[in-house]
Amino acid sequence: MAILLEVVTPERLVLSEEVEEVTAPGYEGEFGVLPGHTPFLVLLRTGEVMYRINGHENWMAISGGVAEVLPERVIILAEAAELAREIDVERAQRAKNEAEEKLKGLSPLDPEYATAQAALERALTRLRVAEKAG
């Protein structure tokens, strides 16, 4: 049995594939989905999505959004999503370095601190996912 995984951002359809399993970063914690899962709706945080096709793990990085889980389909509406093979490692490393430098000069009370922290989290996620594609 398989389920249809669709990942959509405001810019494009990132993925539409029949998969055996999906794990994703829910706001309250990571969750897994197999065919026939009970329906639910969940907020997503920045993190890694794993989906299995023919026993092989595939990865993507997402930045926030929502997921609708149905017995035969998972739809992820993400602010941003990149398949592991699409990630530009040099660009992600630069973003990580820039966010770290910016954080050094900010107090946690500074309004820009949360934005810089989120940028660092996105960059680190992209680097981890790219490494898994390796």
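How many aromatic pairs does a search of the whole structure find? In this predicted model, the search of the whole structure finds one aromatic pair. The rings of Phe31 and Phe40 have their centres 5.4 Å apart and their planes at 80°, and because planes over 60 degrees apart count as edge-to-face, the pair is assigned to that class. As to accessibility, Phe31 has a relative accessible area of 12% and is therefore buried, the limit being under 20%, whereas Phe40, at 26% relative accessibility, counts as partly exposed. Another aromatic residue, Trp59, has Lys132 lying over the face of its ring, at 3.7 Å from the ring centre.

Helix 1 was examined next. This helix comprises the 16 residues 89-104, which at 1.5 Å a residue should span 22 Å, and the distance of 23 Å between its end C-alpha atoms agrees with that expectation. Within helix 1, the residues Ala92, Lys96, Ala99 and Leu103 are buried. These four residues lie on the same side of helix 1, because they cover an arc of only 70° around the axis. On the other side of the helix, by contrast, Glu90, Glu98, Glu101 and Lys104 are exposed. The cover over the buried residues of helix 1 includes helix 2, which is formed by residues 113-133. At the start of helix 1, a side-chain oxygen of Asp88 comes to within 3.2 Å of the backbone nitrogen of Glu90, and Glu90 is also one of the exposed residues of this helix.

Methods
Residues numbered from 1 in each chain as written. Heavy atoms only, no water. Helix = DSSP H or I, 4+ residues; strand = E, 2+ residues; numbered from the N terminus. Expected span 1.5 Å × (residues − 1). Buried < 20%, exposed > 50% of the residue type's maximum accessible area, 1.4 Å probe, protein only. Arc of directions from axis to C-beta. Contact = heavy atoms within 4.5 Å. Polar contact = N/O pair within 3.5 Å; in protein donor to acceptor, adjacent residues only side chain to side chain. Phe/Tyr/Trp six-rings, centres within 6.5 Å; stacked < 30°, edge-to-face > 60°. Lys NZ or Arg CZ within 6 Å of the ring centre and 35° of its normal.
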